[in-house]
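Below is a short briefing on one interface and on aromatic ring pairs. Please look at the model before reading on.

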Amino acid sequence: MSVCKTRVTIDPITRLEGHGKIEIFLNDAGNVERAYLQIPELRGFEKFCEGRPAEEMPRITSRICGVCPEAHHIASTKALDAVWHVDPPHTAKKLRELLFNAHMLHSHIAHFYALAAPDFVVGPGADKKDRNILGVIAKVGLETGQEVIKHRSYAQKIQAMIGGKATHPVCGLPGGMSKPITEEERQQIESMALSLVDFAEVSLQIFRDVVLKNKAYVDLILSDAYSLNPYSMGMVDENNHVNFYDGIMRITDPEGKEYVRFNANEYNNHFAEHVEPWSYLKFPYLKNVGWKGLVDGIESGLVWVGPLGRLNAADGMATARANKAYQEMYSTLGGKPAKATLAHHWARLVELMYAAERMLELSQDSEITSTDIRSIPTQTPTEGIGIVEAPRGTLMHHYVTDERGMIKKANLVVASAHGYGAMNMSVDKAAKGLIKEGKVDEAAKNMVEMAFRAYDPCFGCSTHTLTGKLPLLIRVYNTSGEKIMDLEW
Amino acid sequence: MAPKLQLAIYWAAACGGCDVAILDTDEKILDIAEAADIVLWPIAMDFKYEDIYKMEPGSIDVCLFNGAIRTSEQEEIAKALRARSKFMIAFGACAAWGGIPGLANLTNREEIFNTVYQETATTINEEDIRPDTNYPGPEGELHLPRIYDRVWSLDQVVNVDYYVPGCPPTPETIWTAILAIVTGNLPPKGTTIAGIKSLCDTCEREKTEKKITQFKRPFEIIADPKKCLLEQGLICCGPVTRDGCGHRCTNNNMPCRGCYGPSEKVSDQGAKLLNAIASIMDVKDEKSAQELAATWEDPAGTVYRFSLAKSLIYDYKKGGE
Amino acid sequence: MNDKFEPKILGILCNWCSYAGADLAGTSRLRYPANIRIVKVMCSGRVEPTLILKAFQEGADGVLISGCHPGDCHYVDGNIKTLRRTPLVARLLTQIGIEPERFKQVWVSASEGERFGKIVEQMVEDIKKVGPYQKKMGDQLDVVMDEVAASAKEAAAAAEEKGGLNCGS
Ligand code: SF4
Ligand code: SF4
Ligand code: SF4
Ligand code: FES
């Protein structure tokens, strides 16, 4: 066993649905032996949900994540439909999907503009003082900046209208929704949706202008340090088009061929979770491939979820403009499946368009203001699984109840966890590709960060806006604890 | 010009919703930025422990601390921030009373680990591996913070000056608190910055002093959107919960779960709610009281949904020594 | 279980029936165990659940509430309030993990001194079986606090020394 001379610690890293930490071990030659992405937290929802009334789950489990509470709320509500064997009225399903797409918009807007854009719009090698949302605004114009704030807040408003609260909604019940929307609310949603479609178009154009027209960025996206070759997973409709709210789970293999499709209730046949002693987060993997460690390729059971996983696993988008953007992305990237980790950002914008278009469709649906939004459950509750596509990827809630509908067992496999294995590999790969002979320079550091940022949709936005810098500090020590260097970015 | 307020925002066992809530002040966020230098906001701003340790005592004017205390790391940082902050504010239900993570106090670490790392349907862990605080990896040691047996509210770990309630607090509540801080118009120490009435006091649903003969669960009935939910048999935490959220749940035809915490002068949200619920039970003899009580599933998880860690009997340990 | 353990029970008795009954037990030398400390309230209906929790918090190993038999309440329906609360409180305590032996609610009239003595005796016995009301759940907070204080100090010292901490230790 060779003990590394030096290690590079990044603690904590920008939020990844929780606290996170990266440890990079260097060998004698100063090259990377191994990089670990550790999750130092566990709150134990799966245990303390036991004994609670199942119908409270949507309101309890949303507290797992305040950045994607709607995803937990709706996955949980769908699991309850299954637990009580009840089919909600059309309008209830449409309201949930409307809420969910609004959520997707809020999350994707925050991520793209605040987190990803500084790296692309401003540039990975730019002065760190400019590499933030202010820098982005300087490049794209103040007007666009205001549009960003406005449209994120539209998405929040729509969620509050349907869900009661934008963060931690309260509307989901087994068999339906707690409250219908009025015609007046519908009109407001429709006009916001129209505006969001235009905004998504603008966002795609910004990506074309700023990223695609810049050869250096395109080369970076396609470079080896940022490529990975895992399976891809997402939910699809009957035409194999992406759907966030409902459908069939589809997994494609690293060559792009369909590996399996399954219904939500078969989830446990296809996934298992592995435990490592160095992280509180487990590693989900494809059960029938088996746990092979952190490796990619056809032999590995790791999957990509989230925007790129979903797009890879589908054959297209169900709405016109989004589908056009989808085709454009794959033709530029050289076909399917895309293996470029950084293409997650592009995929996110394709989804932004889909979410806006779908929301518009739903807001114009003649049934959407119907007050027929509840089917009261009549059957004995048993067991159920609910799956949605959260902004970060597939989210699964599984409950087993007693005959009164009290939770006996809960299993939650969250989006970040599904991506955790791949995320670890991307960080390791980027570190290995970019840190050589003990040289950890500014560019290398930012690029390690970019590897996890592709997966991490949280809102670095706020920070960047307010401080004008990204105070991430990496400190390198030798074995006797002497500091070798300070790396700030 | 007066020096800018030095503001730190930290999260411990939290969900991030409190931080999103700060963003949801929308354009006002720019006013906050105008009035304050944000010296710490780790949900997105990366920092290391020594950045805190390097700060002088008192160098932070206000620390908005969200999240409960669940790990050694969170406790350490809470203490380090307390030592450097003039005002420590428990921000959101988790910091104030443990919040939903506090429901873990109905169980303990070992049970949680057994469930998460062994028993859940998808876990395959034949070697019975458990995450460890020190793991001698092939390349070197890897560390994880220790997870405590139970969850603490912030004030069970450090001295707290003010409370901002809610899960999450509304932008209005946040703005009120920020204004109070920025203008120096501060209430007495220990104040919870929100309404002083109870949610029922300002609820517009029709109340008729009607007693109930059966507890109902929200999925069993379509609640009348005009009438008091409690009088329809749904457990609603409004009678003992602090006003100030804008009735977000009851307006959506769902009962309140008490995220704004106990109303003024209520020392134990759960016990007080039991009392309120008992008073509307339409029973006159022991047998029917017992029968009716039995139709209410999970009283503890309901009346203490957000405040179990701060219950008067929060620290009970079963089974003696 | 520790033989020497003598449970402390807080008895909350209404003035009109139960206290009189307990008093009778005292004056007629129908001895009941010294484990019980009695607090007199005007009516059992006044005993809010918060008070019961407070009793445990302040060190009681058990709480006994006693009022007039239903129908006999001096304030007509005070004890109806009591009987509504009792099953709710009992369930709450059980859920939190407090053994059912520690909480009891009974009706004792002014003439039932002997019965009152028996009730207390039984309760003392039952609580002896479950042991003292044990505070502190899991990690002892002060131990944890000391540990953390020590490690924080160490970390601060290390930070001082090197101008920074290594690898989150
Ligand atoms: S109080 Fe609510 S919103 Fe805030 S961190 Fe806790 S769970 Fe999240
Ligand atoms: S109990 Fe709930 S619904 Fe009834 S008045 Fe109070 S807050 Fe409103
Ligand atoms: S109604 Fe109750 S649970 Fe809902 S937001 Fe208000 S205080 Fe919180
Ligand atoms: S006076 Fe004895 S119970 Fe009311």
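**Interface of chain A and chain B**

Between chain A and chain B there are 6 salt bridges, each a side-chain nitrogen of Lys or Arg within 4 Å of a carboxyl oxygen of Asp or Glu. The model is predicted: local features need pLDDT of at least 70, side-chain atom pairs count only at pLDDT 80 or more, and totals for chains, interfaces and linings use all residues. Side-chain values use heavy atoms, without hydrogens and water.

- Arg217(B) and Glu55(A) form a salt bridge through their side chains, at 2.7 Å from N to O.
- In contact (heavy atoms within 4.5 Å) are 100 residues of chain A and 88 residues of chain B.
- About 8000 Å² is buried between chain A and chain B, with 60% from carbon and sulfur atoms; this is the accessible area (1.4 Å probe) lost on being put together, summed over both parts.

**Aromatic pairs**

- Over all chains there are 22 aromatic pairs, meaning rings of Phe, Tyr and Trp (its six-membered ring) with centres within 6.5 Å; planes under 30 degrees apart are stacked, over 60 edge-to-face and the rest tilted.
- Tyr36(A) and Trp278(A) are edge-to-face, because their planes stand at 80 degrees, with ring centres 4.7 Å apart.
- That pair ties together parts 242 residues apart in sequence, since Tyr36(A) lies in strand β3 and Trp278(A) in the loop between β9 and β10 of chain A; strands (E, at least two residues) are DSSP runs numbered from the N terminus.
- Tyr36(A) is buried at 1% relative accessibility, and Trp278(A) is buried at 2%; buried means under 20% relative accessible area (1.4 Å probe, protein chains only).
- Both belong to a cluster linked by ring pairs, including Phe25(A) and Tyr420(A).

How values were computed. Residues numbered from 1 in each chain as written. Chains lettered and ligands numbered in written order. Buried area = accessible area lost by both parts, 1.4 Å probe. Helix = DSSP H or I, 4+ residues; strand = E, 2+ residues; numbered from the N terminus. Buried < 20%, exposed > 50% of the residue type's maximum accessible area, 1.4 Å probe, protein only.
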